[in-house]
Amino acid sequence: MSVNRPGAHSNDERLVDGEFLFTLGDFRTIAAMLHGDAGIALLESKATLVYSRLAKRLRILGIESFRDYCALVVSAEGADERVRMLAALTTNVTRFFREPHHFEHLKTKVLPPLLDAARRGERVRLWSAACSSGQEPYSMALTILSLMPDAANYDVKILASDIDPNMVASGAAGVYGAAALEPVPQSLRDRWFAAAPQGRGEAQWCVRPELKALVSFRELNLIGDWPMKGTFQAIFCRNVVIYFDDETQARVWSRFAPKLCAGGSLFIGHSERIAGPAATLFQPTGITSYSLRSGGVR
Ligand SMILES: C[S@@+](CC[C@H](N)C(=O)[O-])C[C@H]1O[C@@H](n2cnc3c(N)ncnc32)[C@H](O)[C@@H]1O
């Protein structure tokens, strides 16, 4: 399978050689839906990837061409399939304690005063704003538990949200293979995970109730409405806006400002930058970590 030469301009031109006809027009239809639904900018260089991820859906549905698949997903009857298409095209790569300096910063700088406040009865809220299968919010929760093992008895909560309902369900289930748990320090693994009943294959571990109690999973589209009323002391939004166009990125960064408490922290992905007018709202506090500037709410 290969992408035919760049520079084709006809919508009818075949874009990828393979089992199903996939034209530039089909690619553009899919790219426009992904942009409209999720803010994701799909480059033509990703055509082969789009083809291979969606060809599986065509086989399952018994559909013979991408033209017919596009007709389905743009129609009202295709609404469920459109969600599946979006899930197939998003990248869900994640791991426990990814970009470990953020968790060190959280543990040493951000959490100590917040957990003192929680012990005095105050509310502490953190948000993992594109949580994938849950490793990020559970890493935040494990960092809390490493400082405050009885955190579940206080008003301390993490909102974990993602656009992909499969990821939200997987995070809420909280079951991980031994390989996924490797980045978790042994002491935290022993204390906050329990061995799942052994089936065939890799050993599985479940998050214990005290860990699960700190995290609430919800479906949420970063380019849609954010129904939460309160503010957060820290937001992790990492390795997601990298897939958005510049304008959408800038809008998302600006929308975080009123969702942060005074001086609240924002952690972003290693290859992401806060640029444009939104940059004035935040001040750097470390590698890809920021705090809300005073008066920094628009
Ligand atoms: C690469 S993962 C990053 C996971 C985690 N934040 C990390 O850094 O390990 C990107 C996640 O963003 C989610 N996503 C993509 N577009 C989104 C949108 N518009 N709103 C919310 N989540 C989105 C995807 O479903 C995926 O789970």
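Mentor: A residue is buried if 20 or more other C-beta atoms lie within 10 Å of its own, exposed if 12 or fewer, and partly exposed in between, with C-beta atoms placed from the backbone. This is a predicted model: local features need pLDDT of at least 70, side-chain atom pairs count only at pLDDT 80 or more, and totals for chains, interfaces and linings use all residues. Residues are numbered from 1 along each chain as its sequence is written.

Trainee: Is Gly286 buried or partly exposed?
Mentor: Gly286 is found in strand E9 (helices, H or I with at least four residues, and strands, E with at least two, are DSSP runs numbered from the N terminus). Because 14 other C-beta atoms lie within 10 Å, Gly286 is partly exposed.

Trainee: Which residues does Gly286 touch, leaving out those up to four places away in sequence?
Mentor: Contact requires C-beta atoms, placed from the backbone, within 7 Å. Val175 is 111 residues from Gly286 along the chain, and their C-alpha atoms are separated by 32 Å. The residues that Gly286 touches are His101 and His105.

Trainee: Where does Thr288 lie?
Mentor: Thr288 has 20 C-beta neighbours inside 10 Å, so this residue counts as buried. Its phi is positive, near 50 degrees, and Thr288 is not a glycine. Thr288 sits in the loop between strand E9 (282-286) and strand E10 (289-292).

Trainee: Which residues does Tyr290 touch, not counting residues up to four places away in sequence?
Mentor: Tyr290 lies in strand E10. Tyr290 is buried because 23 other C-beta atoms are within 10 Å. Ile235, 55 residues away along the chain, has its C-alpha atom 9.9 Å from that of Tyr290. Tyr290 touches Ser265, Leu266, Ile274, Phe282, Gln283, Pro284 and Thr285.

Trainee: Is Val83 buried or partly exposed?
Mentor: Val83 belongs to helix H4 (residues 79-89). Val73 is 10 residues away along the chain, with 8.9 Å between the two C-alpha atoms. Val83 has 17 C-beta neighbours inside 10 Å, so it counts as partly exposed.

Trainee: Where is the kink in H2 centred?
Mentor: Helix H2 (residues 47-61) has 15 residues. From first C-alpha to last, H2 reaches 21 Å, close to the 21 Å expected (1.5 Å times one less than the number of residues). The bend at a residue is the angle between axes fitted to the seven residues ending there and the seven starting there. H2 has a kink of about 30 degrees, centred on Leu54.

Trainee: What covers the buried residues of H2?
Mentor: The buried residues of H2 are Ala47, Val50, Tyr51 and Leu54. After H2 comes Gly62, with a positive phi near 70 degrees. The cover over the buried residues includes helix H1 (24-38), helix H3 (66-74) and H4.

Trainee: How far apart are the C-alpha atoms of Leu24 and Ser10?
Mentor: Leu24 lies in helix H1. With 19 other C-beta atoms within 10 Å, Leu24 is partly exposed. Ser10 and Leu24 are 14 residues apart along the chain, and their C-alpha atoms are separated by 7.1 Å.

Trainee: What is the phi of Ser132?
Mentor: Ser132 is in the loop between strand E1 (124-128) and helix H6 (135-147). Ser132 is buried because 25 other C-beta atoms lie within 10 Å. Though Ser132 is not a glycine, its phi is positive, at about 50 degrees.

Notes
Contact = placed C-beta atoms within 7 Å.
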